[in-house]
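Please look over the sequence and the structure shown here before reading on. The paragraphs below go through contacts, domains, cores, a pocket and some backbone details.

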Amino acid sequence: DPQQIELITASKRKLRRFIVIDEVVDKLYGSKVREYFEENNVQHKILSLPTTEETKSMDLVLNILHEVQNFSLDRRTEPIIAIGGGVCLDIVGLAASLYRRRTPYIRVPTTLLSYVDASVGAKNGVNFRQCKNKLGGYTPPVASFLDRSFIQSIPRRHISNGLGEILKMALMKHKGLFDLLKNHGKYLLDTKFQSCNGFADHRDAALQTTRIAIETMLEELAPNLWEDDLDRLVDFGHLISPELEMTVLPSLMHGEAVNVDMAFMTYVAHARGLLDAEEKEQILQCMRGLELPVWHSGCSWALIQRALRERLKHSGGQPRMPLPTGLGVAEIFNDTSEETLERAYELWVRD
């Protein structure tokens with residue numbers, strides 16, 4: 001809003017910012033963040049917190065809100081800034097949505113997973129009673145600032161973890177993205193998604209991959225930001241994974257749990273005749289090439305049944321099961337029989 005910018009510029013009041021940063025990110029980049037605000041003469045408070053799946057709770061939200069209140073934030077002109085992975089962005093988004101009913105906030109993702117997933121859309125939330133993201137809301141940020149240079153400092157496994165969510169969009173919506181992952185997956189892991197000169201064979205695979213992943217995600221989310229329509233292709237990999245992830249925590253990261261779910265659903269699609277044997281194998285080979293798990297011992301038949309029952313409670317009594325019908329194309333199904341699911345499970349475990 002040009003009028004607001006003019007008012008702020010003309011104001012003699014010092015610019016102020018409240019920043020929540022993940023404690024690991026703070027160790028790596030905290031000095032640069034502080035230097036930035038000091039050089040720009042911005043009064044600031046930086047709150048460094050352990051933002052992990054285990055600490056993702058209302059207690060941490062309230063901790064943030066106590067500090068926000070002490071800082072005396074102006075909710076119209078002073079957005080809260082979240083710098084960290086998906087958990088950090090989710091927690092801060094919920095805190096901002098609660099403070100004075102809605103305070104603007106900015107997302108700065110520092111992991112590949114949060115770059116292509118948590119930074120996009122309106123959702124925020126925390127875990128509650130061992131259930132993933134049970135408490136939350138829909139409050140979009142005023143901006144997401146994307147900088148891939150953060151990703152170079154995260155471990156290789158975290159890169160692979162983020163590739164799980166990118167692969168989800170490839171399988172549901174974009175054959176070209178699937179081909180990029182299949183052909184350049186190892187290179188993306190090796191270079192940690194940095195744009196490197198001198199690799200003509202790969203062009204700028206990192207930029208292409210992240211851009212297509214975010215664009216396809218936005219195509220799905222933008223017309224249905226508040227999830228009024230429960231038929232969502234972006235739910236692929238998220239039918240069983242919430243139950244699995246919380247049950248085996250911390251042995252599987254989010255993108256890894258999503259990939260185990262997607263691997264099983266690939267077998268379901270094959271058992272239904274939606275994918276031929278070659279397409280199924282191409283998907284599994286791509287997953288392995290991205291160093292993602294295609295099976296986990298914690299994903300028992302009993303857990304799958306429990307997760308799908310839980311799914312029915314929150315999806316209007318229908319499973320609304322997204323399944324690939326080819327490479328890069330998908331549909332949502334409500335008629336997958338128990339017998340088909342069990343047959344797919346047996347084949348999956350056998351392989």
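Contact, as used here, means heavy atoms within 4.5 Å. Leaving aside neighbours within four places in sequence, Gly86 is in contact with Thr111, Ser114 and Ala118. Gly86 lies in helix H4 (residues 86–98); helices (H or I, at least four residues) and strands (E, at least two) are DSSP runs, numbered from the N terminus. Between the C-alpha atoms of Gly86 and Ile154, 68 residues apart along the chain, the separation is 14 Å.

This is a predicted model, in which local features need pLDDT of at least 70 and side-chain atom pairs count only at pLDDT 80 or more, while totals for chains, interfaces and linings use all residues. Residues are numbered from 1 along each chain as its sequence is written, and side-chain values use heavy atoms, with hydrogens and water left out.

The protein chain is divided into domain 1 (2–152) and domain 2 (155–224 + 232–350), with bounds that come from an automatic or database domain assignment. Taken over C-alpha atoms, the centres of domain 1 and domain 2 are separated by 28 Å. Across the boundary, 20 residues of domain 1 are in contact with 29 residues of domain 2.

Next come the cores. A nonpolar core is a set of buried Ala, Val, Leu, Ile, Met, Phe, Trp, Tyr and Cys residues joined through side-chain atoms within 4.5 Å. Buried means under 20% relative accessible area, exposed over 50%, and partly exposed in between (1.4 Å probe, protein chains only). The largest nonpolar core has 72 residues, and Leu167 and Phe264 have the most contacts inside it. Helix H10 (residues 254–271) gives the most to this core, with eleven residues. At least three residues of this core come from each of domain 1 (2–152) and domain 2 (155–224 + 232–350). A second, separate core of 25 residues includes Leu49, Ile64, Leu94 and Tyr105.

What does Leu167 contact, leaving aside its neighbours within four places in sequence? The residues are Phe178, Leu181, Asn259, Met262, Cys286, Met287 and Leu290.

Met321 is found in strand E8 (residues 321–326). With a relative accessible area of 3%, Met321 is buried. Not counting residues up to four places away in sequence, Met321 touches Leu239, Met265, Val268, Leu308, Glu331, Ile332, Phe333, Asn334, Thr336 and Leu341. Met321 and Gly237 are 84 residues apart in sequence, and their C-alpha atoms are 9.6 Å apart in space.

The pocket needs a definition. On a 1 Å grid over the protein atoms alone, a cavity is a set of points where a 1.4 Å probe fits but cannot get out, whereas a pocket is an open set with protein on both sides within 12 Å along at least five of seven lines; lining residues have an atom within 4 Å of a point. Grid points are joined across faces, edges and corners, and a volume is the space filled by probe spheres set on the points. The second largest pocket has a volume of about 630 Å³. Its lining has 21 residues, of which Tyr36, Phe37, Ile81, Val108 and Phe145 lie nearest the centre of the pocket. Helix H2 (23–39), strand E3 (80–84) and strand E4 (105–109) each supply at least two residues of this lining, and the largest share, five residues, comes from H2. By residue type, the lining of the second largest pocket divides into 16 nonpolar, two polar and three charged. Here Ala, Val, Leu, Ile, Met, Phe, Trp, Tyr, Cys and Pro count as nonpolar, Asp, Glu, Lys and Arg as charged, and the others, Gly among them, as polar.

Some backbone details remain. The peptide bond from Leu249 to Pro250 is cis, with omega near 5°, and Pro250 is in the loop between helix H9 (241–248) and H10. Lys192 is not a glycine, yet has a positive phi of about 50°. Lys192 is in the loop between helix H7 (175–191) and helix H8 (205–221) and is partly exposed, with a relative accessible area of 22%. Glu291, also a residue other than glycine, has a positive phi near 60°. Glu291 lies in the loop between helix H11 (277–289) and helix H12 (301–313) and is partly exposed at a relative accessible area of 41%.

Trp295 has its place in the loop between H11 and H12. Trp295 is partly exposed, with a relative accessible area of 40%, and touches Val260, Trp348 and Val349, not counting residues up to four places away in sequence.
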